[in-house]
Amino acid sequence: MAMAIPKSGYNRFMKEGAQHFKGTDEAVQRNIDACVELASQIRSAYGPNGMNKMVINHIEKLFVTNDAATILKELEIQHPAARIIIMATEMQEKQVGDNTNTVVILAASLLEHASQLINMGMTPQEVAAGYEQAAEKALEILPSLVVKTASDLKNIDEVRHYLRSAITSKQYDNEDVIAELVAKACVTTVPSNSYNFNVDNIRICKIIGSGVSKSTVMNGMVFKRGAEGEIKSAQDARIAVFTCPFDLTQTETKGTILIENADELVNFSKGEESEVEEQVKAIAETGVKVVVAAGKFGDLYLHFLNKYKIMAVRLTSKFDLRRLCRTIGAQAQARICAPAVNLLGHCDIVKVTEIGDENVVVFDKKSEKGNVATIIIRGSSQSRIDDVERAVDDAVNTYKALTKDGQLLAGAGAVEIELSKQIESFGEKAPGLEQYAIKKFAHALETLPKAIAENAGMNTTETLTKLHAEHCAGNANHGIDIWQQELMDAVQNNIFDLYAGKRLAIKLATDAAATILKVDQIIMAKQATGGPKPRGPKPQDEDDEGMA
Amino acid sequence: MMRPPIILLKDGTENKQGKGQILSNINACQVVADSIRTTLGPRGLDKLIVDSKGATTISNDGATILKLLDIVFPAASVMVDIARSQDAEVGDGTTSVVVLAAEMLKRMKPFIEDGVHPQLLIRAISRASEEVLKYLNELEIKINGKKELREMLVKCAATTLSSKLVSQERQFFANMVVDAVNTLDENLPLNMIGIKKVSGGNLHESRLVKGVAFQKAFSYAGFEMQPKKYTNAKVALLNIELELKAEKENAEMRLTNVSDFQAVVDAEWNILYDKLQKIADSGANVVLSKLPIGDVATQWFADRDMFCAGRIPQDDLDRLMAACGGSVLTTVSQIEESVLGTCGNFYEQQVGSERYNFFEDCSKAQACTLLLRGGAEQFIAETERSLHDAIMIVRRAKKNDSIVAGGGAIEMELAKLLRDKARTIAGKEQMFWMAFARSFEIIPQQLCQNAGLDGLDIVNKLRHRHSTGEKWAGIDIHREAIGDNLDACVWEPSIVKRNAITAATEAVCLVLSIDQTVKNVRTPSGGAMPGLPGQ
C-alpha cells in the first residue's frame, strides 16, 4: 500500500503499519488456505509409509524425522491461523504424545471441505456448528468401536502389540526391534499400580555406531562418562550418593586460618589428612563399594577412595542423581558422612565399559523389576539416532496413555472409515442445513486412510471404495494393509490405535477448525519494537531487526 | 484489493521437496564419496588437506578426511556420520562404508527416477541387508586356538595396514600392534597404548616398549647428578608438589616475635624434608609426580641416588600405573612399599633429538608404548593414524574372533548369494534386490580402479569364479590377478564388514526417506520477531 493514498475505513482508526482483514473472503478463505497449505507440507509424513523431512532450524541443527510435532515445532510457522492448528497439536503432544499428524490433517481437511460449503453459500458459523455437532456424535460413537481393552500391561508380548502401531509410523522397518525394547523397558519399570507409571523412569542413552538393531534395554542406568578413581568396577555393591562435591568443604564466608606458631603449621596438613581418611574409612566400613557425588572429587579424597577400593563416579546433573537414587534405592546425602545402611543404595553390577568408542558407567540391576530402565540407542548417524529417540518417546507415551485408559481401536484406517460411515448416516437424518456440514465431516475423516494409502503408493480412490464396501458389508475392522497393498482385518493383524489418542485428536481438530472458521476479522497491530529481547543461543546484536 | 500470497514460513526459509529433492540428496552423497573414493585399498592414494588454520594433514583414512572437509550440505552430512560411526565402532573400513553407501544410493537412483515409492525401496533394502548379515554369519570363519588366534590377529592387522602409507612395513607393524594389544587387560583399554612420535630416523627404528616411555620432563639443577639406570626399581607415583609452598592458600600467619619467625621458616623446610624423607624411607628409587618437583627436592633426591621427574602428563602416569602397579598418591603420610610400583628395568636414552625415560619389564605390564620414528612430521602423524586403525582392528578382532577374506572376496560372495536369493522373489522387489546385490561389487571394482586394473574385467572374472563355488576368490593386488584370498591371508575381522553393511544400509534408508528439506534462516541474534502474514 502506497503511503500517498489517504486512508479510509477501518485503517483510519489505527496506527501506521497495522493491518486488518475482514469478511469471509478476505479472512476465512485466507485462513483456510494457510491451514491447508500447512497440512500439505506434512501430509506426506503420515502413516507407516510416510516420508521423512529434513529440517534445519534457526540454530542450524539438523532434524531428520517424520514426527509431526517435531516438524511443526522446528518449522517456525508464521501464519496466525496455522498457529491455531499447531497449538492443537501441541496440546495433543502434551496429553497423549502421539497422533499429532492426525490432528493437523483432520483439521485441515475439515477446513478444506468447509471452504466448499462456504462457496456454496453457507455461513462459516453454520459450518462450524455442524462440525461441532458431528464431532459430538463421533465421540459418542467412538466408545462403541473399541475392539479391545489392554488388560495385562505387565505382559511384554501383549504390550508389544499395542506399541507397534505407534512405532510403525515413525520407524518403519525397525518397529519390531523398538517395540520390543520399549515394551521391555515399560514392563520393567511399571509399578504394581500401573496408573502411577512415570515416563521419566525410562531413560535414553544415545551412542553413535553399529546399527539400530543393536540397541538394547537394561534395568538400571547408563551414563556417558568414566569413573574418577582407579577402581573401574564393583559387583553386588552398596552405593552411597552425595549431592555435594566429594571434596574438602569450603566455607561460604571467606575465612583465613590463623596460624600462630610453627607447630601448628606442621600439624595443619596432618590433621586434614587424617580427617579425610577417617571420613572415607567410615564410609568404607558401612560396606560401600561405590560413591556417587554431584561435584568434583578432591584429590585427597580420591586418594583414600582408591586406598579403600571404592569406585568413584561423578554425575553432574541433579536430575540424573535423583533418578539414580530412585534406581538403586538410595537416599542422597547433602554432606560427606557415612550414611546409615538403610540410606545406601544397592546395585548388582557397577562398571565402566566401552560402547562404540564411548566410555560409559553402567549401573545394572539384574532383577526383573526395577525403578528405572535405560534404552541404549545405537545407530549409524546422529540424525537417525535422534529419530529413533523420538519414536521411543512416542511409544513410551503410548504406554503411559494405555495405563490411564487401556481401550483400543482398530488401526490402519479402519476406525476412521467406520466412523465416517456412521456419521454419514447420522447426517442423513439431520433436518437442517447442518446436514451438509455433518456429511462433510464424514468425508473429512476419510482423509486419514486416504493419506495412508497415498503414502503407500496405492490407488487412493480404489482403496477407499473397497474399504467402504467392506465396512458396509459389516467388516468394521477392515483397514489398509500397506505391505500387501490390499485390505485386511486390523484386529487380527494386531494393529491398534489408542482410543484416548483418537478421541482427543478428533476433538482438538474439530475445535481448531471451528475456531478458525469463526474468525471473520484479523487485526494485526504494528509490531512493537524493543521490549524484552528474545533469548538466543548467541550474544545479541545491538538492535533487533524487528518491524521498524 | 489484491490478495497477497499466503506466507506460511518465515521470509528467507529454503524449502525443497519432492522427487527432485531425493535425487539431489543422492547426488550430494555421491560427491562426498567421490572425494574419498580413490583412497580405498592397497593402491589407494592419499589426500593432502589444508584446514582453515593452515595445518596440513596427509591421510587416506576416510573418517579423518571427511572430518576435515567440513561438509555443510545437510544430506551429505549423513555420510560423514556413518564414517564417524564406523570409526567409533570398529576403527577401520571408514572409506569402504562411505563408498558402499554411495554405490547403493547410485543403484537406487534410477528407481526413484522411474517413480518407485522410496518406502518400497527402503523396505527391500533393509530386508536384503538382514539377509546379507545372515549370510555373513554363515560365511565367517571362527578362529580357535591360541597360536592361530595370534596369527589371525597379525593377518588382520596386516590387511588393514596394507592400505595405508606404511604398507611396505606392514608385517613389522602388524606384529608390533598385536604384541601391543596383547599386553592389555581384558577390557583392552585403548589409552593404555601410548603412541610417541619422534621425527628423524626411519620407520624400522620404531619400536614397541613393553612398559612406558615418555619424554624427559623439565628438570631442575641436580637432575644431572641423579642416576639414570636402575634394575628392579621401585616407582613412587605422586600427585604432590615437592616444593616449598604455602600449606593452604587462605592461611595467615600472625607472629609476635622474631624467634617465632625463624621457627616457622624451619617448619616449612621441615615439612618438605619430611615428605622427601618418607618417600626415601619407603624404598622408592624413582619418584614421578604429576605436579612439579622443585630444585630443593631434585638435589635432595640426587644426594640419595634417587631419580625424580615432575610434571608427568596424566595419561603417562595412568599407563605407568597400569604397567608398574602401585597407585598415585596424593599424600605421602602413609607411603609404604605396597603402594609403590615395581619396574624391572629403568633407563634414560637418547631417541632422535630427545631424551626419553623408559620403564620396562614391569610387574603388572598392562600398558605399552609405541615409539614411532620417521622422516616428516606429517608422515609420522599418518603412521600414527594407521596404527590406531590397526590397533582398533586387533582389539575388535580379539573380542570377536571370526574373520572373512578381504580384497573384495567377501563382497563378491555376498553379492552372489543375494542375487541367488533375489531370483526367488516374485514381484518388483526382485529388481531392488538385484540392484542392492550389484552395489556390493563396487568394493572390488574400486580396488581395481585404484590399482590401475580393469575393474569391469576383473569383477566379471570374480563373478565367474564365485559362481563356480570359489567363495573366497578375490583380487590379489600385488600380483594383479585373482586368487583365493583366504589362502593368501588377506583377512579381515567379520565385524568390520558387518558394521559397514549395517551403517551403509541405515544411511541409504535415511537419505531415501527424506522428501523435503526446510532450512530456516539462521537467526543472527536469537529468535527474531514473528512476521506478519501476507507481507
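**Close-up views of the predicted model**

**Figure 1. M120(A) and a nonpolar surface patch of chain A.** M120(A) is exposed, its relative accessible area being 53% (exposed means over 50%, buried under 20%, partly exposed in between; 1.4 Å probe, protein chains only). The residue lies in helix α4 (residues 100–120) of chain A; helices are DSSP runs of H or I with at least four residues, strands are E runs of at least two, and both are numbered from the N terminus. Together with L433(A) and Y436(A), M120(A) makes a nonpolar surface patch of about 310 Å² (residues with over 30% relative accessible area and no salt bridge, nonpolar side chains joined within 5 Å; a salt bridge is a Lys or Arg side-chain nitrogen within 4 Å of an Asp or Glu carboxyl oxygen; areas by the Shrake-Rupley method with a 1.4 Å probe). This is a predicted model, in which local features need pLDDT of at least 70 and side-chain atom pairs pLDDT 80 or more, while totals for chains, interfaces and linings use all residues. Residues are numbered from 1 along each chain, chains are lettered from A in the order written, and side-chain values use heavy atoms without hydrogens or water.

**Figure 2. The largest nonpolar core.** This core has 149 residues, and L288(B), F359(B), F440(B) and L512(B) have the most contacts inside it (buried Ala, Val, Leu, Ile, Met, Phe, Trp, Tyr and Cys joined through side-chain atoms within 4.5 Å). Helix α16 (residues 494–512) of chain B gives the largest share, 12 residues. A second, separate core of 98 residues includes I202(A) and F441(A).

**Figure 3. Surroundings of L288(B).** Beyond neighbours within four places in sequence, L288(B) is in contact (heavy atoms within 4.5 Å) with residues including F214(B), L237(B), F307(B) and F359(B).

Terms used:
Patch = residues over 30% accessible without salt bridge, like charges linked within 9 Å, V, L, I, M, F, W, Y side chains within 5 Å.
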